[in-house]
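The following exercises are to be worked with the sequence and the coordinates at hand. Each task is followed by a solution in steps.

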Amino acid sequence: MRKTRIASLLVVGTVATFLSVPTPATTPSGSDASAAKDPLRQYTQQTPRWQRCDAKSPATYQCATFKVPLDYGDPGGRKTDIAISRLKAGSAKERRGVLLLNPGGPGGPGLDLPVSGGVALPREVKGQYDLIGFDPRGVGQSSPIGCGLTADEQDLERPYRAKAFAKDVKWARTVAEKCQAEEGDRLRHLTTRNTARDMDVIRAVLGEKKISYLGFSYGTYLGAVYAQLFPGRTDRFVLDSAADPAGYGRGMFRAMAERAEPAFARWTEWTARRHATYGLGRTPAEVRRTFWDLVAQADRTPIDYGGKLLTGDAVRAQRATFSHAQKAAAWVAGLKKTAEGKKAAEGKEAGEAGKPDPSGAPEQVPAVQAPVRPEFARDVPPDNETAGAWAVLCADTRTSWPRDPQQYRRDAIRDKARYPLSGDFESNVKPCAFWKPGSVPRTTVANSLRALIVQNEWDPATPLAGGQAMHRALRGSRMVTVAGGEGHIVNGTNACADRSTTVYLTTGRLPAKDLTCRATAG
């Protein structure tokens with residue numbers, strides 16, 4: 001663990017460096033004097049021009065756009081837009097303040113979160129807080145970036161194949177070069193640290209001394225960085241499905257591969273006990289063999305499943321599904337019957353499971369943009385979320401990505417042997433290998449924030465170990481673990497964990513000690 005005092009001094013020193021201005025030879029007067037004392041005053045003193053976001057939503061759901069510096073080291077230079085939304089607290093008498101919401105990503109738009117239904121909050125929480133959504137810089141309605149990426153270039157699922165590796169390297173280099181060509185110097189400033197500073201401008205523009213916060217997945221890291229930079233301006237912070245702040249970057253991909261293996265082993269045990277239902281094997285070893293036989297068969301001849309031809313790599317790409325035992329069993333059983341040339345059974349459990357997205361991408365909090373009025377909305381490049389994700393991740397963590405493409409080849413071969421389900425997916429080359437570093441240093445998270453961390457035991461995207469690492473980094477935090485909890489994001493899926501969140505947000509009381517909740521039956 002890093003000592004808090006040292007970490008705090010580093011943070012304060014860095015912030016001072018980026019916000020300082022040269023001392024003039026003479027004392028300025030008037031507005032020049034104010035700017036010298038507070039170079040961000042022109043931003044923090046803005047008045048939002050609220051307008052109704054769209055005609056279908058409540059009149060209390062409003063949107064506004066304001067300016068922030070593109071580079072906080074040069075606050076008088078180029079500016080960029082930040083779009084925010086607000087759903088006013090249900091009770092003026094009970095109102096406590098604002099609750100900022102972030103869906104994760106990076107690159108996830110959050111403008112619609114107050115009304116989208118993607119966040120489950122009880123009436124007592126909505127009564128106390130204005131719910132604030134925002135699109136982070138470069139995303140959605142906040143001066144969106146675009147790289148002109150094709151659909152294939154946006155596909156990050158690149159399992160290692162010796163014959164395809166040169167093509168994978170070309171893909172990663174092309175994505176980085178196209179983004180650099182389209183957006184240039186802007187990319188350097190699309191960082192988590194700068195987004196956290198934008199959040200503090202949001203706080204000031206809204207006239208609040210402190211903010212409360214509910215962040216999901218990557219949004220937990222963003223919230224932790226804000227707390228590190230502005231510890232005196234944090235109120236009640238809930239971090240749902242937390243990432244390891246020290247492992248953020250290439251390490252988080254490889255952690256997903258590592259955690260996929262015990263999830264897969266758990267699935268084989270669960271499924272073996274239900275051989276009569278799924279017919280995949282009476283022992284975990286038999287279930288495992290059935291799955292890998294399907295992978296081998298699909299490698300020889302792709303399986304036509306649901307109108308899509310699945311190769312063995314495409315079957316392995318469903319790695320996140322194995323954190324949901326019932327869904328995975330129904331899907332593999334359906335795939336097996338299809339491969340055998342039989343019609344898939346349409347039992348109750350299979351109907352509940354459905355078919356996973358062939359992309360195999362981990363689940364995320366829904367973040368579909370609400371239809372805003374034409375005078376508020378701007379066109380968003382079709383590749384904006386992908387471009388925004390790479391921009392932030394790569395600018396933040398450039399130093400964690402080797403420059404030598406051959407290192408990725410070696411790592412992918414090694415990790416595929418170590419973690420056969422998805423090791424090569426996660427270790428193969430990514431655009432960050434060819435990205436330019438961000439304009440600000442990565443933030444070390446180590447503080448005493450009194451946050452509430454909620455985590456599923458079987459989370460495929462932000463594994464439990466990552467949440468535990470965040471808990472250790474935030475020494476004042478409490479953690480609620482859903483034992484047996486499956487999938488990414490706890491919010492709205494477990495009454496016990498939701499109660500802890502509600503109590504904390506409405507009263508400020510954290511659990512006296514870390515809690516364990518049982519997974520919701522079924």
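**Exercise 1. Disulfides of the chain**

How many disulfides does a search of the whole structure find?

*Solution.* The model is a predicted one, in which local features need pLDDT of at least 70 and side-chain atom pairs count only at pLDDT 80 or more, while totals for chains, interfaces and linings use all residues. Residues are numbered from 1 along each chain as its sequence is written, and side-chain values use heavy atoms, with hydrogens and water left out.

Step 1. A disulfide is a covalent bond between the sulfur atoms of two cysteines. The criterion applied here is a pair of cysteine sulfur atoms within 2.5 Å.

Step 2. By that criterion, the search of the whole structure finds four disulfides.

Step 3. With bonded cysteines counted along the chain, the pattern is 1-2, 3-4, 5-6, 7-8.

**Exercise 2. The link of Cys53 and Cys63**

Determine the geometry and the setting of the disulfide that joins Cys53 to Cys63.

*Solution.* Step 1. The S to S distance of Cys53 and Cys63 is 1.9 Å.

Step 2. The angle about the S-S bond is 110°, and the link of Cys53 and Cys63 is right-handed.

Step 3. Cys53 lies in the loop between strand S1 (51-52) and strand S2 (61-69), whereas Cys63 lies in strand S2; the two cysteines are ten residues apart. Strands (E, at least two residues) and helices (H or I, at least four) are DSSP runs, numbered from the N terminus.

Step 4. Cys53 has a relative accessible area of 0% and is therefore buried. Cys63, also at 0%, counts as buried. The cut-offs are under 20% relative accessible area for buried, over 50% for exposed and in between for partly exposed, with a 1.4 Å probe and protein chains only.

**Exercise 3. Two further disulfides**

Which handedness does the torsion about the S-S bond give for Cys147 and Cys179, and which for Cys496 and Cys517?

*Solution.* Step 1. The sulfur atoms of Cys147 and Cys179 are 2.1 Å apart. Their torsion is about 105°, so this disulfide is right-handed.

Step 2. Cys147 is in the loop between strand S5 (129-135) and helix H6 (151-154), and Cys179 is in helix H7 (residues 165-183); the pair therefore ties together parts that are 32 residues apart in sequence. Cys147 is buried at 1% relative accessibility, and Cys179 is buried at 0%.

Step 3. For Cys496 and Cys517 the S to S distance is 2.0 Å. The torsion about their S-S bond is about -60°, so the disulfide is left-handed.

Step 4. This pair links distant parts of the chain, with Cys496 in helix H20 (residues 495-507) and Cys517 in strand S12 (residues 515-518), 21 residues apart. Cys496 is partly exposed, with a relative accessible area of 24%, whereas Cys517 is buried at 1%.

**Exercise 4. Packing of H8 and H9**

At what angle do the axes of helix H8 and helix H9 cross?

*Solution.* Step 1. Two packed helices are described by the angle between their axes and the distance between the axes. Axes are lines fitted to C-alpha atoms, for helices over the stretch in contact, and angles run from 0 to 180 degrees between N-to-C directions.

Step 2. The axes of H8 (residues 192-205) and H9 (residues 218-229) cross at roughly 70° and come within 9 Å. That makes H8 roughly perpendicular to H9; angles of 65 to 115 degrees count as roughly perpendicular, under 35 as roughly parallel, over 145 as roughly antiparallel and the rest as oblique.

Step 3. In H8, the residues that meet H9 include Thr192, Thr195, Met199 and Arg203; their partners in H9 include Tyr218, Leu222 and Leu229. Contact means heavy atoms within 4.5 Å.

Step 4. Thr195 lies in helix H8 and, at 4% relative accessibility, counts as buried. Apart from residues up to four places away in sequence, Thr195 touches Phe134, Pro136, Arg137 and Leu222.

**Exercise 5. The surroundings of Cys432**

Where is the place of Cys432, and with which residues is Cys432 in contact?

*Solution.* Step 1. Cys432 is in the loop between helix H18 (423-427) and strand S10 (452-458). With a relative accessible area of 0%, Cys432 is buried.

Step 2. Leaving aside neighbours within four places in sequence, Cys432 is in contact with Trp390, Leu393, Cys394, Arg398 and Trp401. The C-alpha atoms of Cys432 and Arg398 are separated by 6.2 Å, although these residues are 34 residues apart along the chain.
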